[in-house]
Amino acid sequence: MRFRLAMIIVLCLSACAQPRNDGLSRLLDEYFEDYLRENPEQATSLGRTDHDTRWRDWSGSALQAWESRLRSYQERLEEFDVADLDLQDRISLRLMSHQLEEELEGLPYAARLIRLNQLFGLHTSVLLTMREMPAQTETDYENMLARLVAVPTYVDQNIETLRAAIEDGVVQPRLIVEIVVGQLEAQMAPGSDESPLLAPFRNMPAAIPEVQRQELASRAARAYQEAFRPAWAKLASFLKDEYAPNARPMLAVSGLPGGAAIYEFFIRFHTTLDLSAREIHEIGLREADRIDSEMEAIARAAGFQAGSRDYERHLLTDPRFLFTSKEQMLAYHRDVAMRVAPGLSRLFRNLPRHRVGIRAIPPDREAASASNYNAPAADGSRPGWFNLKAYRAEKQSRFDKPALVLHETNPGHHLQIALQLEMEGLPEFRKIFHTTSYVEGWALYAETLGEELGVYDDPPSRFGALESERFRARRLVVDTGLHAMGWTREQAIEYLGDESEVDRYIAWPGQALAYKMGQLKILDLKAAAQDAYGPSFDIRDFHDAVLRNGPLPLHMLEERVRAYIDRAGFRDDSEEAGARAARSE
């Protein structure tokens, strides 16, 4: 018995110790550094400060140069023989190949179409990046000043690219333009002494001498008045006077020249699945119907014989479930996160070291923004943040908020993304790779763990979790309805019940499809694992199989989890079992 166990250990260690391919490692590292140079805002988000003085160059010449470099990486990647690589190198090669292919195909749309949106567009990314920048040393503040001064050039480059989009007819509808203009006007309205953009300059560390603090604050106010505000005004004028008259008349991206193919690309990009809009639409309808039935059962058990609509109306209007202020709403979400924490070790073998905080979305963009998550800095210098939409808190109900906390913090986005940043022994490229269907699918799957974590402890919270899941199922229906089936905005709002969400799908085609499609894949794999392992099934092992390699396209995720499932038939401690385990992982 001891000999066989020792053999298992030796086999597993020999597999894990197999040397990485040095040439591939160098290529991956080169691409990672090149990617951060090209995307300095991403570098800031990761906690890298060596690119903190710049914005990405969105001019046509810069985009062409980046496209050439991407094609060069593709050619160099083809030189490697997959047969010569170990498991993790094969995964890395396939992920880089996927990334290059998707980025090359989507570069025109990323630069010319999706850059103009109310959620993570060219304007909001400036404010978000400034918010993420470190603010501890004089150098940190000099970096912020450099970026403020560089805003006019950044705006000019984006205007150049948007003009090219107008020429090609690849444009957003007028509705989205008007939303963005409203945000720009709100962001440049405050004076320098009130702008959230300059908040760090109003609270500088005491370690910076007073004389320098005054000088930095004065320069920031001047940069705000002389660089940021005029640039934002120029962008707003361009959008109103030049872009809006050329905006597409229809809501559907499929109405653009070649638009059907564009939407097919967005479906593949966000879901990593080869499904048609019609197929996804039908999945959404089936899932919405299933969840409706479960909600009906809870409503009737709670005494609402008129059904789930009556119960939901009660939860949305009864003062007992409503927040009284933004501060109370924030406190409630923080309390839920604290209640979740003790139970995580029962479900996960590994928990992240990085911290997570909860804060409100700033007033200048809270109306048009959804709750979202910002990743921590890789070095731990900045926590992860759940940005809560606390807009009109007094009109918001708490019944669906436990599910939201699970989605955005632990065990959802924060747990998954922080663990990805903390992966050891893998190329740095793997720490930034993501697919929407994996990341958002995991976060929606995390919402299903609420009962085990003790936060779905009454009918309203269980009903709220189902409402959250139904919302994602309906997204499949609405996104495909808008972009492939001729739905009107009014039709979409009537079906979904949320105007700002519908506008989000109009601006960002396909992204809303990722949540439910990713969750369904994880749930299918979980069911297969439970069936294979039977009484020996350990949820911690399943979660480890899903998370250990970081985000993967769904077909690759299935391969890796199936390898874990296949080992269910070899649960003895024989040499054959050890060899099988070593080969599969």
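This passage walks through a predicted protein model, from the whole chain down to single residues. Being predicted, the model is read with limits: local features need pLDDT of at least 70, side-chain atom pairs count only at pLDDT 80 or more, and totals for chains, interfaces and linings use all residues. Residues are numbered from 1 along each chain as its sequence is written, and side-chain values use heavy atoms, with hydrogens and water left out.

To start with the big picture, the protein chain has 23 helices and three strands. Here helices (H or I, at least four residues) and strands (E, at least two) are DSSP runs, numbered from the N terminus. A compact globule of 585 residues would have a radius of gyration near 25 Å, and the protein chain agrees because its value is 25 Å. That radius is taken over C-alpha atoms, and the globule rule is 2.2 Å times the number of residues to the power 0.38. Along its principal axes, the C-alpha trace spans about 75 × 65 × 55 Å.

How much of the chain is buried? The share is 57% of the 585 residues, where buried means under 20% relative accessible area, exposed over 50%, and partly exposed in between (1.4 Å probe, protein chains only). The accessible surface comes to about 24,500 Å², and carbon and sulfur atoms own 50% of that. These areas come from the Shrake-Rupley method with a 1.4 Å probe; for residues, only the protein chains shown count as cover. As for contacts (heavy atoms within 4.5 Å), take those with a separation of 6 or more: 78% of them are between residues 24 or more positions apart.

Next come the strands. Strand β1 (residues 356-360) is mostly covered, with four of its five residues buried. Strands β1 and β3 (residues 384-388) run parallel and are joined by five bridges; two strands pair if DSSP finds at least two bridges between them. Within this pairing, Ile358 has Phe386 of β3 as its bridge partner.

Leaving aside residues up to four places away in sequence, Ala337 touches Ile358 and Val405. Ala337 counts as partly exposed because its relative accessibility is 25%. Val455 is 118 residues from Ala337 in sequence, yet the two are 9.3 Å apart in space, C-alpha to C-alpha.

Helix α19 (residues 499-507) is another mostly covered element, as seven of its nine residues are buried. Among them are Val502, Tyr505 and Ile506, along with the charged-type residues Glu501, Asp503 and Arg504. The cover over the buried residues of α19 includes α8 (174-188), α17 (459-484), α18 (489-496) and α20 (514-533).

Thr272, in the loop between α10 (259-271) and α11 (277-301), has a phi near 55°, a positive value in a residue other than glycine. Is Thr272 buried or exposed? Thr272 is buried, because its relative accessible area is 11%. Arg392, in the loop between β3 and α14, likewise has a positive phi, about 50°, although it is not a glycine. With 52% relative accessibility, however, Arg392 counts as exposed. One more loop, between α14 (401-408) and α15 (413-421), holds Pro411. The peptide bond from Asn410 to Pro411 is cis, with omega near 5°.
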